[in-house]
Amino acid sequence: MAGRRPAPAAFLILVLTAAFASISSAVRPVSDAHRSAASELFAPSADGSFGDLESTYEAVRTFQILGLDRYKSVTGKACEFAAEKLASPASSSAKDLFHAVRISGVLGCSVDAGVYDVVVARLKAVIKDTNSLLEFYYSVGGLLSIKEQGHNIVLSDAESTFHAIKALSQSDGRWRYDTNSAESSTFAAGIALEALAGVVSLADAEVDPSMIGVVKSDIVKLFDTIKSYDDGTFYFDEKPVDATEYKGPVMTSASVVRGVTAFTAVASGKLNIPGEKILGLAKFFLGIGLPGSAKDCFNQIESLSFLENNRVFVPLILSLPSKVFSLTSKDQLKVEVTTVFGSAAPPLKVNLVQVLGSDSKVITSDNKELQFDRDNNVHYLDIAPLKIDVGKYSLVFEISLQEPDHETVYATGGKNTENVFITGLIKVDKAEIGISDNDAGATESVQKLDLSKDTKVSLSANHLQKLRLSFQLTTPLGHTFKPHQVFLKLKHESKVEHLFVVPGSARQFKLVLDFLGLVEKFYYLSGRYELEFAVGDAAMENSFLRPLGHLELDLPEAPEKAPRPPAQAVDPFSKFGPKAEISHIFRSPEKRPPKELSLAFTGLTLLPFIGFLIGLMHLGVNMKNFPSLPGPAAFASLFHAGIGAVLLLYVLFWLKLDLFTTLKYLGFLSVFLVFVGHRTLSYLSSASTKQKTA
């Protein structure tokens with residue numbers, strides 16, 4: 001197997017990723033990671049709102065369950081939003097009133113009793129006139145929420161309302177949305193049970209016990225339709241009849257959990273539902289991990305909050321803080337048993353009853369009880385006595401409650417299976433590399449390799465010889481180890497690379513490169529080849545990618561039609577590297593005249609100015625006409641100063657200013673000179689006229 005392939009380092013990364021992928025998804029109780037995810041998913045908009053009333057309720061309810069102080073910071077905006085709907089119940093739907101009332105309940109918003117009286121009347125009117133399950137759900141739920149906020153709410157026709165909702169049920173435990181619906185729904189069953197629980201709570205008298213018993217039977221039938229995975233996870237799902245109404249397993253399971261826990265809270269007696277199904281639902285919601293949408297986050301967290309404390313069974317979650325253990329570090333196997341929100345479990349024992357290999361073969365069936373650390377609430381066991389080697393294993397645990405009364409309160413699921421990964425140092429023995437002359441293996445040169453450190457071998461061969469590489473890999477318990485990836489790379493000085501997989505047998509890894517059969521693969525390129533060796537596996541703590549040295553290979557001349565080496569890929573980042581130094585010689589400056597000559601010509605440029613001064617003296621310039629009054633004298637002074645500024649500007653232009661800058665300044669000075677010059681000349685003209693008149 002030869003040719004251009006990705007570097008061995010990339011293969012090592014892929015090996016590690018693939019090996020840990022199957023054990024990375026762990027069922028763990030709700031943690032700070034869920035709180036951080038909720039804060040990100042329920043981020044308010046720029047105006048501080050979460051969208052509609054339903055989204056606002058889901059946000060504040062999730063924050064409340066998770067104990068996040070953030071929901072307090074949105075109290076004002078959310079209460080104001082809810083109050084707007086409650087203030088006009090006649091124009092608001094039962095759904096909007098339902099969510100507005102629940103927002104007020106979660107945040108403790110101050111709502112006037114008179115406002116609630118109008119809302120109650122509106123919701124009771126909806127109950128009286130509707131045959132829609134959703135309208136029943138919103139109206140009854142709204143009334144119940146108002147009652148829970150301390151108001152005296154009684155549903156006088158509770159018996160008839162109960163029967164109206166029950167009339168929509170089906171024989172398989174599911175419900176229809178209204179009398180005109182042909183299809184029944186599991187999601188509808190959840191909201192129906194929640195509505196029935198609300199009716200029982202609002203009733204002014206006890207609801208017929210026989211009807212309560214019928215609903216309990218419906219719940220048992222509903223749980224007969226539950227679906228499951230092989231790992232003990234249970235969930236509810238809809239029949240995808242209409243894509244617009246399909247809710248998906250998360251919303252459907254959440255609806256059933258809310259309905260069942262709400263109904264069992266108001267009904268006497270215990271439901272005949274197996275504890276492993278309640279535990280399986282908890283595993284389903286925890287198995288979601290960190291949800292990707294706000295809706296899923298709300299359904300996950302609220303469902304788990306109902307499962308945390310319910311009258312059916314409280315699920316106990318067995319989890320491993322770490323699923324990777326090192327034989328080198330002598331790690332301990334640690335197991336936590338808590339509720340879904342991480343609360344401490346009642347007194348119990350955890351036993352490791354079985355260890356299975358990656359092929360499901362039983363490694364050991366010795367029953368070992370884990371010790372309990374009360375300070376850290378962790379059960380632990382040393383893995384060294386288990387005599388398990390590196391690799392992937394399935395550990396089967398059994399939880400037993402110490403108090404018999406707890407058997408009817410908590411669900412442990414019996415046996416729990418957790419996948420773990422064991423790592424260790426792999427010993428590399430009998431590593432040799434050499435050049436042989438024939439199939440019999442007569443070697444011309446052979447060198448021992450110490451692959452625990454960098455090795456520099458120097459080999460030479462021609463096309464009639466063979467390169468042989470052999471070695472053994474042994475696990476900490478002395479078993480033969482077969483890693484996922486073993487490669488030998490030969491890199492020519494022209495950057496052409498060849499990668500070879502080293503095959504392994506039961507005892508030894510051995511690679512033989514027959515250069516005679518590989519001349520075309522090597523593109524007839526003679527010269528120096530760098531040798532690089534890679535061994536990688538997720539269970540191997542000392543995986544390595546190590547240079548071995550070099551090989552001087554002498555191959556025959558390439559025939560005319562021999563394949564050419566492939567063009568080498570250009571590093572896309574090479575254009576950002578240092579550039580070659582630019583060598584440039586400027587031309588020699590032109591020869592200039594002597595300094596004395598330059599000064600002489602500079603003096604000649606001053607002759608016109610000197611002539612100007614002589615002319616002024618010859619003409620007899622005087623200050624007789626300079627204005628004597630303060631105002632005209634000021635304008636005359638400014639005019640002469642402006643003339644001086646123009647002359648100074650000419651000097652600056654000669655020394656440092658460019659043409660455009662000089663013209664800009666000259667424009668401003670010209671406007672100034674026109675103004676003050678006009679005032680000065682007007683005064684002189686007026687004075688001259690007065691003298692002539694006198």
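At 15% relative accessibility, Cys79 counts as buried, where buried means under 20% relative accessible area, exposed over 50% and partly exposed in between, with a 1.4 Å probe and protein chains only. This is a predicted model, in which local features need pLDDT of at least 70 and side-chain atom pairs count only at pLDDT 80 or more, while totals for chains, interfaces and linings use all residues. Residues are numbered from 1 along each chain as its sequence is written, and side-chain values use heavy atoms, with hydrogens and water left out.

The structure holds 1 disulfide, defined as a pair of cysteine sulfur atoms within 2.5 Å. Cys79 is joined to Cys109, S to S 1.8 Å. Cys79 lies in helix α5 (residues 75-86) and Cys109 in the loop between α6 (94-107) and α7 (113-129), so the pair ties together parts that are 30 residues apart in sequence. Helices here are DSSP runs of H or I, at least four residues, numbered from the N terminus. The link is left-handed, with -75° about the S-S bond. Cys109 is also buried, at 13% relative accessibility.

I turn now to Arg176. This residue is placed in the loop between α9 (158-166) and α10 (186-202).

How values were computed:
Helices (H or I, at least four residues) and strands (E, at least two) are DSSP runs, numbered from the N terminus.
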